[in-house]
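Here are my notes on the model you sent over.

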Amino acid sequence: MKKSNIIMLLAAILPLGLFLFPLWRITLEAPQYPTPLAMNIHINDFSDVHPHDIKNINLMNHYVGMKYIPDAIPEFKIFPLGIIITTVIGLIIAFKGNYKWFLFWFILMIVLSSAGLYDFYIWEHDYGHNLDPKAIMKFTNPDGSIMGFQPPLFGTKDILNFTAHSYPRLGALFLGLGIAASFIAYLTGKKNHKTV
Amino acid sequence: MKKVLKPIVTLLGILVAFTSCNNDSKSNAGALSSSAAEKVYVKPGDHDEFYAFISGGFSGQLSVYGLPSGRLFKVIPVFSQDAEKAWGYNEETKPMLNTSHGFIPWDDAHHPDISQTNGEIDGRWVFINGNNTPRIAKIDLSTFETTEIIEVPNSAGNHSSSFVTENTEYVVAGTRFSIPIPQKDMPIKDYKGNFKGALTFISVEPEHGHMDIKFQLIMPGFDYDLSHPGRGKSHGWFFFTTYNSEEANTLLEVNASQNDKDFIAAVNWKKIEEYVNNGGGTMMPSKYAHNVYDESTHSATSTIKEEVLTVNPLDVPGAVYLLPTPKSPHGCDVDPSGEYIVGNGKLSANLTVHSFTKMLDAIENKKFAGDAYGIPIINFEDVLAGVVEQPGLGPLHTEFDGKGNAYTTFFISSEVVKWKLETWEVVDRQPCYYSVGHLMIPGGNSQKPWGKYVLAMNKITKDRYLPTGPEVTQSAQLYDISGDKMELLLDFPTIGEPHYAAGCPADLIKPRSKKIFKLEENNHPYATKSEADTKVVRDGNTVHVYMTMIRSHFSPDNIEGIKVGDEVYFHVTNLEQDYDVPHGVSMIGANTSELLIMPGQTETFKWEPKQVGVWPFYCTDFCSALHQEMQGYVRVSAANANTPLRWSLGEDIE
Ligand SMILES: [Cu+2]
């Protein structure tokens, strides 16, 4: 087996790390929470970082009319399937394909990941803006519009008394490494093709 | 060895002194240069180094302080009802205060002692005695709640209690007063020879701490004052001070102070345990309550037991000896090595120290001065290790720093006196303000004291604090004992009478402290684990309300169909699973107290409405931003009305 195909094989397998490790984490810090509240987002699940964190996030958020974080979202069915399918495609390419297909897989993964991120953003936006009209507390922005409570897609942001952090976790690293490896596989394959 | 050590220590001292000159931006420059205020200052957000558990005496409770700051953290209800926590008011804890005399919601709590493993404090439980209606309580230090109370039969003035052996095999409960055993109607003047004193050994199951009376030793009719377990070489023995060896029954201040020497009773409990395990002893009918709080059902049960195993000391030769000790000794204290037994003869000019080794030797060589009711009395000179000559007036209690020094409180001369074991010389003394009773060094009753502080507990504070009418606060005083000389660091007020204390490093307890009760592990028979399951159920005149609470509402919050004359039980579950978020609830006209319910816990109170109307209830603990909105109504109709039973949340009752 060619070196580039071996790298591609690795690239196809790496995203499976998403089934072992969380993809993302949102952390909420506030003075009354010396241990911050935090939730992990997995490929197929939300989970508490400390026991009962999600329950307590829901309890805090209901004051401003935010919905409860659902137990499951449709994406939890679609994303795992997506990863399994792309891994299978990646494996087939690794065994059968040449370097051009590696680039195809790389672009496919970039497109799908971007779509995933966009979907996540839409979900966050809805979660942070689609508030109960009977909310106990209503806040407005300086321009008079209703304040939203959307956590950042990536990075850190102050929301009222909370500081929200949103950063990728180990699962995302596996995905990123997989994508990067496919590009390296492509470059390696291309170089070999020229030298041969 | 010492010759080598000294220069090294001096050199280190110089080095340390120079080092601290170089970074004087930090204020830890050493004992001599820092002020008392700095030494007790625990800056905001920092934790104290030690927990101190100080009994409330006649308040019946146990208070929790931090040392060195002297800050009060909690008052743990034990033997007295406590409206703050609904202890003894709610249906779950009422059984804890049951006795063979019925519901007794008060006692006189004296001597806390922390559980031990291998002679060292393990920080799992605190035991404490109720003097008046004899009881021993166990407090679980993962929740800081009283989880077991056992009544002590055949006992009166349960004073030489509750001290634990070095693996917490036993907690002892020695009677103060001798009484007829079994109780009977007889002339008081016939006390002598007829009254008896029971020394009770309560076994502690090693894993869960479950208590059970293993045996009672029925001793002569003296007064038994205090006690301490042997440790190390003397493990297996227990020592009890006595007074009134005269067996007087009236005007004891005179009549019980005639004998030049009373006794320390030395009890070889291992020998008696063996005797009992082989079927020895006599079962005696005797009623006593055993109350157990179950953390999973959040409820207590009270069982009345019917008999107790008694042991006549004469039936176990070699198990009990009397050590003559001047004069009406109070504290009975064993040093960390287990060799020295200090009898604090409160009417004696000197402090008497016995030797365990000499005691064994005297027993072996039968050096007896006679006997009392058949119990051998060892010759005073043959057991005496030494005497601290004229250290002060009225010695009460001695503790040890683990470095060869002993610290004794003197009630009459109001001071703590430091003296050396084996040389018996006084090396330092510090005044107390005023009339000090007991003292505490963290780990004092163990093989490993943390000899950094001594805490003195004072009975009188006239003019030390702002006056508060005729009754002024009692107080404790903290001394630094890490140097050669004791240094008074701090005064702080205490609850009730700060009678006695036990302490240990915070790190033994902190990591095991519970934050919430898990809702899924709540096995309370009336628990409601979700709002969807809330309901109101009528059974004749009894109505059960299955209610939940969460920030910031009750479910249900509108209830109709209750009638005058009903007995309404509110079973309220706190659905929160977040640290430090209890809710409270109280109902107008309820004849108990509010409930203060921890996350995941269920508690119950009973309400008997007497008048028709629409009556509010509300959350009593400032729980959240919408705490003030956490409220509800109960509609009460006439006894003969036919208002249907209904309940709701977030909608009008149809
Ligand atoms: Cu509340």
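This is a predicted model: local features need pLDDT of at least 70, side-chain atom pairs count only at pLDDT 80 or more; totals for chains, interfaces and linings use all residues.

1. Residues are numbered from 1 along each chain as its sequence is written, chains are lettered from A and ligands numbered from 1 in the order in which they are written, and side-chain values use heavy atoms, with hydrogens and water left out.

2. What holds the copper ion? Its donors are H583(B) (ND1), C619(B) (SG), C623(B) (SG) and M630(B) (SD), at 2.2 to 2.5 Å. Donors here are N, O and S atoms within 2.8 Å of the metal (3.2 Å for Na, K and Ca); water is not among the atoms, so sites may look incomplete. The arrangement is tetrahedral because the four donor atoms subtend angles of 94 to 127°; for four donors, that label needs all angles between 85 and 135 degrees.

3. Along the chain, the copper donors are spaced H-x35-C-x3-C-x6-M. H583(B) sits in strand 40 (residues 583–587) of chain B and M630(B) in the loop between strand 43 (613–618) and strand 44 (631–637) of chain B, so the pair ties together parts 47 residues apart in sequence. Helices (H or I, at least four residues) and strands (E, at least two) are DSSP runs, numbered from the N terminus.

4. On to the salt bridges, each a side-chain nitrogen of Lys or Arg within 4 Å of a carboxyl oxygen of Asp or Glu. The whole structure has 30 of them over all chains. One is K452(B) with E49(B), closest N and O atoms 2.8 Å apart. K452(B) is in the loop between strand 30 and strand 31 of chain B and E49(B) in the loop between helix 2 and strand 1 of chain B, so this pair ties together parts 403 residues apart in sequence.

5. R71(B) and D48(B) also meet in a salt bridge (3.0 Å, N to O). R71(B) is partly exposed at 32% relative accessibility, whereas D48(B), at 7%, is buried.

6. E560(B) pairs with R635(B) in a salt bridge, with the closest N and O atoms 3.1 Å apart. Finally, have a look at K39(B), D480(B) and E487(B), which are linked in a salt-bridge network.

Technical notes: Four donors count as tetrahedral if all angles lie between 85 and 135 degrees; four count as square planar and six as octahedral if opposite donors are over 155 degrees apart and all others between 65 and 115; anything else is irregular. Buried means under 20% relative accessible area, exposed over 50%, partly exposed in between (1.4 Å probe, protein chains only).
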